[in-house]
Amino acid sequence: MSLREQLCEYGRRAVDLGLVIGTSGNLSVRDGDRVAVTPSGAALDRLTPEMCPIVDMAGRLVAGDLRPSSETPMHLAIYETTDARAIVHTHAVFGTVVATTMAELPPVHYNALLLGGMDGVVKVAEYATYGTPELAANVRAALEGRRAALMANHGGVTVGATLEEAFEATRLLEWLCEVYVRGLGVGRPAILTKEQLAAVVERTLNPPDFPRL
Ligand SMILES: [Zn+2]
């Protein structure tokens, strides 16, 4: 699948799963010094490959007639300093709830380790106006050593080696936020300790032998 075809495919999936409503959210995927990104103001479930702009690492339009997403500077800033090859940004409901009420998402489930932080925490990047270099810098800081970050009063962003990986990270981030937010409605969610998280890492690195006959 071409870079642009991938954007169409995962744009549709993001809308189907309710991670994105209308034109909010944007995706990009990188190959070398070319980045295909979703266009500004277009419904992500109605994209065609030709609609998706391709830009170089300086943000100059290489192909396409539509304006690149307003968050393209954030995508490029992340690519500049990480080995990410794909980025997904959404305003998914539970992620946005956490991003408007908390300074971070604490580790309430061990699957949070899949988002890269050894402490299981997802940080909330400080608020800045969408599309600005300030927001890009804040998100980059919150992402350091991690595959996911929340953006204060805005949404969430995830990165991956492929668009599928970044997309699955967004689904996981939204699930973790939903568990935590719903948990707060029922009681006080227990937060995993450093030791409990370290034990998960240890078990993942050294799985027990599978008994054979
Ligand atoms: Zn946004």
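This is a predicted model: local features need pLDDT of at least 70, side-chain atom pairs count only at pLDDT 80 or more; totals for chains, interfaces and linings use all residues.

Residues are numbered from 1 along each chain as its sequence is written, and side-chain values use heavy atoms, with hydrogens and water left out.

On a 1 Å grid over the protein atoms alone, a cavity is a set of points where a 1.4 Å probe fits but cannot get out, a pocket is an open set with protein on both sides within 12 Å along at least five of seven lines, and lining residues have an atom within 4 Å of a point. Grid points are joined across faces, edges and corners, and a volume is the space filled by probe spheres set on the points. Two cavities of 30 Å³ or more are found in the structure. The largest cavity holds about 50 Å³ of space, and its lining includes Thr90, Ala92, Leu150, Val157 and Glu174. Two or more lining residues come from each of helix H3 (93-101), strand S9 (155-160) and helix H5 (163-186), where helices (H or I, at least four residues) and strands (E, at least two) are DSSP runs numbered from the N terminus. With Ala, Val, Leu, Ile, Met, Phe, Trp, Tyr, Cys and Pro counted as nonpolar, Asp, Glu, Lys and Arg as charged, and the others, Gly among them, as polar, this lining has four nonpolar, six polar and one charged residues.

The second largest cavity, with a volume of about 30 Å³, is lined by Leu105, Pro106, Pro107, Val108, Ala112, Gly120, Val122 and Leu176, a set that divides into seven nonpolar, one polar and no charged residues.

Turning to the pockets, the largest contains about 190 Å³ of space, and of its 17 lining residues Thr23, Ser24, Gly25, Asn26 and Ser70 are the closest to its centre. Its lining comprises four nonpolar, 12 polar and one charged residues. The second largest pocket, of about 160 Å³, has among its lining residues Asp83, Arg146, Arg147 and Glu165, and its lining divides into five nonpolar, three polar and four charged residues.

His89 counts as buried because its relative accessibility is 1%, whereas His91, at 33% relative accessibility, counts as partly exposed; buried means under 20% relative accessible area, exposed over 50%, and partly exposed in between (1.4 Å probe, protein chains only).
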